[in-house]
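Open the structure in your viewer and get ready to select residues by number. We will walk from stop to stop, and at each one you will hear what to look for.

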Amino acid sequence: MIQTDIQRCRSCFACLRHCPVKAVRVTPQGTDTDAGRCIGCGRCLQVCSQQARRAPNSLNRCQRLLRHKEPMAAILAPSFPAYIGDMRPGQLVSGLHRLGFQLVVEGAWGVELAARAIAAGLRTVSTAPRILSHCPAIVALVERHFPQLLRNLSPCVSPLVAAARALRATHAGPLRIVTISSCFAAKIEAADDQFQDVIDGALTFAEIGELFETAGITPTRLPETVFDQPHARSGRRFALSGGAPTSLLPRDYAEQGEMLSTEGYQNAREVLLDLAAGRIRPGIVDLRLCRGGCLGACDPGSRLSAFARGRLVEQFARQHDNGPRPEPDAASAKVNLKRTFSNRQTRQEHPSGESIRRVLQSTDKFSQRDELNCGACGYRTCREHATAVCRSLAREDMCLPYFVKRLKAEQARLQKSAQLAQQAAEEVMPGDDLLARQLLDLVQEVAPGDKTILLRGEMGTGKKTAARTIHRYSRRAEQPLATLSCSGLDQQQLLIELFGSRHASDFRQGLLELAAGGTLLLEEIGDAGQKVQDALLEFLNHGSIMPVGAKIRLPVHVRLIVTSRRDLEQGVKEGWFSSDLYYRLCLCTLTLPPLRNRPQALQELAEQLLRRSGRRLNRNPAAIDAPAMEALCRYAWPGNILELAAVIERAVILGGDDPVLRREHLSLPLAAGASAPQPDPGKSPSDFRARRGRQMELIERDLLERYLRESSGNVSAAARRANLPRRTFYRLMERYDIQRCKFLTRPAARKGD
């Protein structure tokens, strides 16, 4: 049996791609051979660039026999002229004699013996069609994969075995016999129980070259010696393409047109399938597994093409008398050349359709269009690969398109993780007041676990920063942190973003898959629809997800952190939020206080945001002067830390290269020392439209002043900078009572100066 050196195997699957019967089993450690399916063709040995695949080696046994000086005979296959390189046939005989072989016989003699046995069998009543059994690989193929055709095999041994039996029968005394051929299947044949008492070893021509090298023999320097008797005459063309029927069958039988002859595994397999189904019934079937006959074998002893090898064999055959077949001597005529065949098929249960479907879906094949049948895994179709996986002959990750897709997803995940890690390293829980320290203690307490966390608080209080801090202190810090906001997406879009899609026209992985092993931050859970809430509840209950369009659930291990500024309790009462999901989320809740409740932390927060904005904008403001800080402290900050960060960043931009952030760099209400707005009895203090209007006015006024300042009071230039019509710019100046003269840097020049 062909074996694998696990240390050399690189899991390239070249052996599996070229194995005609898929007798290669792929394991996590590498590859090995399924003895119940292997036919010994040797293709895997030829294509393995790492030489990890190794055939049964008879060199050691042969060397031991030669050292013991026992009588030994070498039988050369008819293909030997194509594999001896620069040697002449007589020099090869001299070299084998020098190694210690007493007899060197042509295997073509065995062709003539087998031809007589086949001719005698054709004259008797036999099962038709009759499959010639001269190719050991074809015999192994029938025994292991087409046992229903065993009765159609011709019960005659191969030519090399026929020569070995006849030589042993005609030789007086003990004799060790070694066959030399280009066929790796001959090694499997020699190990058969029927022939172990006939053949003591099977070598390839490459192994004979190793014997010469080890013994220090250079055959090209030796004189020529003729082959030992008995001599062959008519079987020397057996190795050529189409030479088997010419050498083995009577000429009158071949002319009757009752024979089917073909070469190559694919052709041989199709013929055997037709024979098994009864679609064809020729009298004689001649099959060879190797295209090009015995000259197409994969012995590394020759680098020539099959056509060049055939020319060498033809030249050798012409140089000798190729007349009528000689009459057999009495001893060889009595040799028994019959053999038996056995059913060696390893039966395997065919996996169910559900098992195959499950394997296909695990490699992202949910419809027939997804089955690329590219053959990169070594199997012809995706379904054959899925069947092999079910039979423990292959692995799921052998699918190259799926593997590449998974690598790309992993690359994207790692890039996102690196970006988030860099961003999280810059962000810390802001403030050093009592509330901030208490909140940080709670974060460090709940971070190491895997429980779901609900972060609550007004807009801009730092919920996202708190989530990143929790992730950084957790055991999942090395894994990705994915973020998704429920606001602005409809239910279907949100489902696809979260759980992915398995539709043929829209295949994608969801964030829960991409963040496997890490954390998912889901912002504003109160804005999610009912379907999304139900799907999240299923994920929290079972630890698995159902992608949109999929039929099986996928297990994922992700920690969930959700945020909400809405009143979820009110949502449960009014019915727009799931009570079951609420009870799962509220087990661990952190509420972030608004900035107006933390006046003692405002100065530290402002300085921290100033340093961050300076690094981001490549500016170097060192501090905030006292009037500016006083204005900041008097403001109510309805937008909390988010609004403070925006004001500080805008002030850094307006401040230019000024090392100190001054009062005039802030927006107008702050610079004017606006105090905290008093609540209007007629309006709710949380009137969104009113607050948004005031903030928009501040932004517009600030931008108009900035453009005028940069244009030194030139309204036309300021309008061009703002990409606005000049009349529109004038109207905005009138609305906000902005005087152009305040921004003039020099007096206007008089006409004529």
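Start by selecting Phe80, Phe227 and Phe316: ring pairs link these residues into a cluster. Keep in mind on this tour that you are looking at a predicted model.

How many aromatic pairs are there by the ring-pairing rule? The count comes to 6. Next, show the side chains of Tyr83 and Phe205. Their ring centres are 5.1 Å apart and the planes meet at 0°, so this pair is stacked. Now colour the chain by secondary structure and see where the partners come from. Tyr83 belongs to the loop between strand S5 (72-76) and helix H4 (89-99), whereas Phe205 is in helix H9, and the two are 122 residues apart, so the pair links distant parts of the chain. Are these residues buried or exposed? Tyr83 is buried, with a relative accessible area of 5%, and Phe205 is buried as well, at 7%.

For another arrangement of rings, select Tyr635 and Trp637. This aromatic pair is edge-to-face, with 4.8 Å from centre to centre and 90° between the planes. Tyr635 and Trp637 are both buried.

Select Arg288 and Phe238: the charged end of Arg288 sits over the ring of Phe238, 4.7 Å from the ring centre. Then jump to Arg566, which lies over the face of Trp576 at 4.1 Å from the centre of the ring.

Now move to helix H26, residues 626-634. Which of its residues are buried? They are Ala628, Met629, Ala631 and Leu632. Turn the view until you look down the axis of H26: the buried residues fall within an arc of 160°, so they line one face of the helix.

Another helix to visit is H29, residues 688-710, where you will find Asp702. Asp702 is buried, with a relative accessible area of 8%. What does Asp702 contact, leaving aside its neighbours within four places in sequence? Show Arg650 and Leu654, because these are the residues in contact with Asp702.

From there, go to His231, in the loop between helix H9 (205-215) and helix H10 (243-248). His231 is partly exposed, with a relative accessible area of 39%.

Finish with the cysteines. How many disulfides does a search of the whole structure find? The search finds 0. Select Cys183 and Cys135 to check one case: Cys183 is in no disulfide, and the nearest cysteine sulfur, that of Cys135, is 6.0 Å away. Cys183 is partly exposed, at 24% relative accessible area. Cys399 is in no disulfide either, as its nearest cysteine sulfur, that of Cys382, is 5.8 Å away. Cys399 counts as buried, at 9% relative accessibility.

Terms used
Residues are numbered from 1 along each chain as its sequence is written. This is a predicted model: local features need pLDDT of at least 70, side-chain atom pairs count only at pLDDT 80 or more; totals for chains, interfaces and linings use all residues. Side-chain values use heavy atoms; hydrogens and water are left out. A disulfide is a pair of cysteine sulfur atoms within 2.5 Å. Buried means under 20% relative accessible area, exposed over 50%, partly exposed in between (1.4 Å probe, protein chains only). Helices (H or I, at least four residues) and strands (E, at least two) are DSSP runs, numbered from the N terminus. The arc is that of the directions from the helix axis to the C-beta atoms. Contact means heavy atoms within 4.5 Å. Rings of Phe, Tyr and Trp (its six-membered ring) pair if their centres lie within 6.5 Å; planes under 30 degrees apart count as stacked, over 60 as edge-to-face and the rest as tilted. A charge sits over a ring if NZ of Lys or CZ of Arg is within 6 Å of the ring centre and within 35 degrees of the ring normal.
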